[in-house]
Amino acid sequence: MKLSFWDRLPKIKGFAERLQNIFKFSRVDTELLDELEMELIQSDLGIELTNEIIGEIKKRKISDMQELRDFLFDFFKSILDGLDYKLRLYDNRLNVVIFIGVNGTGKTSTVGKFAYYLKNLGYFPIIAAADTFRAAAIDQIKRWGERVGVDVVAQKEGADPGAVVFNAIEAAKARNKDVLLVDTAGRMHTKSNLVEELKKIEKIVEKTLGYPPSENLVVIDATLGQNVVRQVEIFHNAVNLTGAVLTKLDGTAKGGVIFNVIKRFNIPVKLVTIGEELDDLKPFDPNEFVESFIPEVKI
Ligand SMILES: Nc1nc2c(ncn2[C@@H]2O[C@H](COP(=O)(O)OP(=O)(O)OP(=O)(O)O)[C@@H](O)[C@H]2O)c(=O)[nH]1
């Protein structure tokens, strides 16, 4: 039997299991709160959220274990509530989905896996190799295209990414494609020319199609922990981010960063990846995620 997606996440499960140890305490006391604080920080939830949780437990004078579990569940759930996690793909038009993020976060492989996912859903995706900064990046996305059987529109190394996107839109229309996935460059996010490049790509989409990209997704490497917050902030100021992709969740017990990003930027996580296989990508399900994060109390 194939394990469920979240069951294939041993390290996040590791966090849930460690949290389970907390529920071995018989009541909420100082010792438990110290341990809980440590676990929350280690899961990369961030100091602010951790303090808020511990403070709230003390304020509410929570003493019972079931009450603690319910509070944690509701707390995490409330952070995720109120955002639309569904991918925005409109019928009867070409949807553009732009992938943004620093190098090495998993952008290119996410584009490949997402193309595969869409194809299986009956969409007709096409890819724009708009990371023209390195020849290797163009080759890499072309290989993904071959692997998943999806056309890749590319130009030479150093070509104008805006021109690549323009060509890709023309190709998508000519070939009756419905989703254009744009793989962008990710060199140093602090360099303003990258930010300008992203703005230009967005403008070209709007000008050519008459409407903005359906999704501007920031790709976040979950193993980087709190560092990602600064990365997201820079991209968030540059383009209108509509969501995030959380990659490499298989390599971390620090899934807590999800809550941090969502709370801080008010953007939903839309996709998660848990490995390097084609089917290691799926839409983010907030309920499923909180369930996997907070263990049931076994008293
Ligand atoms: N374990 C694991 N590895 C991943 C996952 N997603 C991507 N990777 C690996 O992370 C590395 C970087 O992924 P890329 O897709 O090349 O990342 P990128 O952001 O396009 O980076 P550049 O190619 O440097 O621009 C590759 O070795 C991927 O196989 C994931 O969900 N789990």
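Over the ring of which residue does the charged end of Arg93 sit? The views below, taken from a predicted model, begin with this arginine.

**View 1. Arg93 and the rings of Tyr90 and Tyr211.** The charged end of Arg93 is placed over the ring of Tyr211, at 3.8 Å from the ring centre. Arg93 also lies over the face of Tyr90, where the distance to the centre of the ring is 4.5 Å.

**View 2. The pair Phe71 and Phe75 in helix α4.** Eight aromatic pairs are present in the structure. In the pair shown here, the ring centres of Phe71 and Phe75 are 5.8 Å apart and the ring planes stand at 45°, so the pair is classed as tilted. Both residues belong to helix α4, which spans residues 65–80. Phe71 and Phe75 are four residues apart, about one turn of the helix. Phe71 counts as buried because its relative accessibility is 6%, where buried means under 20%. Phe75, with a relative accessibility of 10%, likewise counts as buried.

**View 3. The pair Phe259 and Phe289 between helices α10 and α11.** The rings of Phe259 and Phe289 have centres 5.7 Å apart, and their planes meet at 50°; the pair is therefore tilted. Phe259 is part of helix α10 (residues 257–265), whereas Phe289 is part of helix α11 (residues 286–293), so the pair ties together parts of the chain that are 30 residues apart in sequence. Phe259 is buried, its relative accessible area being 0%. For Phe289 the relative accessible area is 0%, and this residue is buried.

**View 4. The aromatic cluster.** One aromatic cluster is formed by Phe71, Phe75, Phe76, Tyr85, Phe259, Phe284 and Phe289.

View 5. In the side chain of Thr273, an N or O atom is 2.5 Å from an oxygen atom of the ligand. Glu276 places a polar side-chain atom 2.4 Å from a ligand oxygen atom. A nitrogen atom of the ligand lies 2.7 Å from a polar side-chain atom of Asp250. The ligand taken alone exposes 650 Å², and the protein buries 78% of that area.

Technical notes. Residues numbered from 1 in each chain as written. Predicted model: local features only at pLDDT ≥ 70, side-chain atom pairs only at ≥ 80, totals over all residues. Heavy atoms only, no water. Phe/Tyr/Trp six-rings, centres within 6.5 Å; stacked < 30°, edge-to-face > 60°. Helix = DSSP H or I, 4+ residues; strand = E, 2+ residues; numbered from the N terminus. Buried < 20%, exposed > 50% of the residue type's maximum accessible area, 1.4 Å probe, protein only. Lys NZ or Arg CZ within 6 Å of the ring centre and 35° of its normal. Polar contact = N/O pair within 3.5 Å; in protein donor to acceptor, adjacent residues only side chain to side chain. Areas by Shrake-Rupley, 256 points an atom, 1.4 Å probe, with all protein chains shown as cover.
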